[in-house]
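Q: I am new to this structure and would like a close look at one part of it. Please keep the answer brisk.

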Amino acid sequence: KRFMVLSAKVLVDYRRSGLNRGYAIGFALCEALNFPVLLVSMWMADMLLGGEFRTYTVDVLTHIIMDDPFVRNDPLNLVFPKAIKCDFPTTGPSGTWQKRDMFCVLGVNLINEKIFVVIWLWFLFLLLASCIIAAYRTIVIMSPTLRTNILRGRVYPRDRKFVEAVLERASYSDWFILKRISDNVTANRFGEICWYIYKELP
């Protein structure tokens, strides 16, 4: 019980100091930075592959599902060729340099082509996840009712009135800190914390 009282006092003091506002804004800013980081990563991969990365996986899948593989060139071979013509310098019988055309096999590209397919799909998944998170964060910031309903579901019914009373006087940054706490404690503990905060708030 004493621990709960101290926790509530610390949270109230933390709120009064304004540090919770900086933490909530910083967290949201880091989430927003996912977009430019992803876009820069995709742009760099596209530059590395000579402008082929943007449609690389789509082209690969299109080629796989086509009935006739000879209709178009395999994008895997276009981006990561397995065999190329290369110049191989050698020393002739007289000691002079001779340049010979050789047929070089690039076995490592068998792995590279599949790695970049996975990277493309991973970037796509991260982009979709970032959009969902950004939409969720925007809705939560704009809707106090939704914030209240989210925390009401984290406590037992008997403690919901305390959660509602605390959130009536709380900003988004206050809710954000409480949400982080609710993610790491049981429903009973979180209800007790809200009750003590309710008593501590002016």
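The side chain of which residue meets that of R158 in a salt bridge?

A: The partner is D159. The side chains of R158 and D159 meet in a salt bridge, at 3.9 Å from N to O. The term salt bridge stands for a side-chain nitrogen of Lys or Arg within 4 Å of a carboxyl oxygen of Asp or Glu. In general, side chains of opposite charge can pair when their charged atoms come close. D159 counts as buried, at 8% relative accessibility. Here, buried means under 20% relative accessible area, exposed means over 50%, and partly exposed lies in between, with a 1.4 Å probe and protein chains only.

A word on the basis. This is a predicted model, in which local features need pLDDT of at least 70 and side-chain atom pairs count only at pLDDT 80 or more, while totals for chains, interfaces and linings use all residues. Residues are numbered from 1 along each chain as its sequence is written, and side-chain values use heavy atoms, leaving out hydrogens and water.

Now the wider setting. The protein chain has ten helices and two strands. Helices (H or I, at least four residues) and strands (E, at least two) are DSSP runs, numbered from the N terminus. Their order from the N terminus is α-α-α-α-α-β-β-α-α-α-α-α. Of the 202 residues, 32% count as buried.

Other salt bridges deserve a look. The count comes to seven. One of them pairs R152 with E164, with the closest N and O atoms 2.5 Å apart. This pair links distant parts of the chain: R152 sits in helix α7 (residues 144-152) and E164 in helix α8 (residues 160-168), twelve residues apart. R152 is partly exposed, at 25% relative accessibility. E164 is partly exposed too, at 30%.

Another salt bridge joins D183 and R154, with the closest N and O atoms 2.6 Å apart. These partners are 29 residues apart: D183 lies in the loop between α9 (172-182) and α10 (187-200), and R154 in the loop between α7 and α8. D183 is partly exposed, at 36% relative accessibility. R154 counts as partly exposed, at 28%. Salt bridges that share partners join R154, K179, R180 and D183 into one network.

One last spot lies elsewhere. G50 is found in the loop between α3 (34-48) and α4 (56-65). G50 is exposed, with a relative accessible area of 61%. Its C-alpha atom is 8.3 Å from that of V79, 29 residues apart along the chain.
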